[in-house]
Amino acid sequence: MKKNLMSVLILALVFVNLVLTALVVFTLLPQAQAANSLITSVATALDLELSSGRAANLTSVKIEDMDVRTLDDSLTINLMNSEDGTEHYAIVSVGLVLDMTNEDYETLSPLIEERAALIKEEVKGIITRYRYEDIKNDMSLPREEILAKIKGMFDSDFIIDVLLNPTFG
């Protein structure tokens with residue numbers, strides 16, 4: 001009798017285990033498939049954005065597809081005082097490199113001359129936050145900041161680089 005009772009108990013536990021396994025499979029499997037679908041769609045969207053040309057840079061645009069616009073006047077910008085209190089300034093000429101193959105080029109490139117004063121103010125505002133020692137040999141940080149700000153101003157990626165030609169004093 002004990003062997004028979006033990007067999008029934010084991011059979012009942014196997015049945016409960018089977019039911020719980022089926023419950024877990026049928027509740028978690030759809031959620032896992034939904035998560036996989038979401039991850040796939042996000043990865044696809046990112047891949048489309050990267051290949052669409054909206055994130056263009058100097059290396060991905062041919063030289064004949066670039067338009068360089070130089071803003072007329074040089075800017076005299078006071079730099080942040082050095083750590084020892086020395087005052088410095090920079091005379092900066094600004095240029096923009098545009099991607100002529102971008103869909104926004106035709107509509108937004110004429111606005112560069114119209115908004116030159118705004119662009120110059122952005123350049124001044126960003127460069128004044130740097131010390132002479134910080135940007136003397138490496139203008140990449142202010143260039144990246146200025147580029148991001150101008151792209152935001154035009155809400156487009158048709159501007160692919162900012163050219164800064166500084167003279168320090």
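Buried means under 20% relative accessible area, exposed means over 50%, and partly exposed lies in between (1.4 Å probe, protein chains only). With that noted, I looked up Arg 69: the residue is buried, with a relative accessible area of 17%.

**Ground rules.** I am working with a predicted model, where local features need pLDDT of at least 70, side-chain atom pairs count only at pLDDT 80 or more, and totals for chains, interfaces and linings use all residues. I number residues from 1 along each chain as its sequence is written, and side-chain values use heavy atoms, with hydrogens and water left out.

**Overall layout.** I found six helices and four strands in the protein chain. Helices (H or I, at least four residues) and strands (E, at least two) are DSSP runs, numbered from the N terminus. Read from that end, the order is α-β-β-β-α-α-α-α-α-β. I also noted that 30% of the 169 residues count as buried. The C-alpha trace spans about 105 × 45 × 25 Å along its principal axes.

**Salt bridges.** My rule here: a side-chain nitrogen of Lys or Arg lies within 4 Å of a carboxyl oxygen of Asp or Glu. The structure holds five of these. I went back to Arg 69 and found its side chain in a salt bridge with Asp 67, at 2.8 Å from N to O. Asp 67 is buried, as is Arg 69. Arg 69 also forms a salt bridge with Glu 113, with the closest N and O atoms 3.2 Å apart. Glu 113 sits in helix α3 (residues 111–114) and Arg 69 in strand β1 (residues 66–70), so this pair ties together parts that are 44 residues apart in sequence. Glu 113 itself is partly exposed, at 49% relative accessibility.

**Another pair.** I then checked Arg 129 and Glu 145, whose side chains meet in a salt bridge of 2.1 Å, N to O. Arg 129 lies in the loop between α4 (116–127) and α5, and Glu 145 in helix α6, so the pair ties together parts 16 residues apart in sequence. Arg 129 is partly exposed at 47% relative accessibility, and Glu 145 is partly exposed at 29%.

**A loop residue.** Last, I looked at Asp 155, in the loop between α6 (140–154) and β4 (159–168). Its phi is near 55°, a positive value in a residue other than glycine. Most residues other than glycine have a negative phi. Asp 155 counts as exposed, at 66% relative accessibility.
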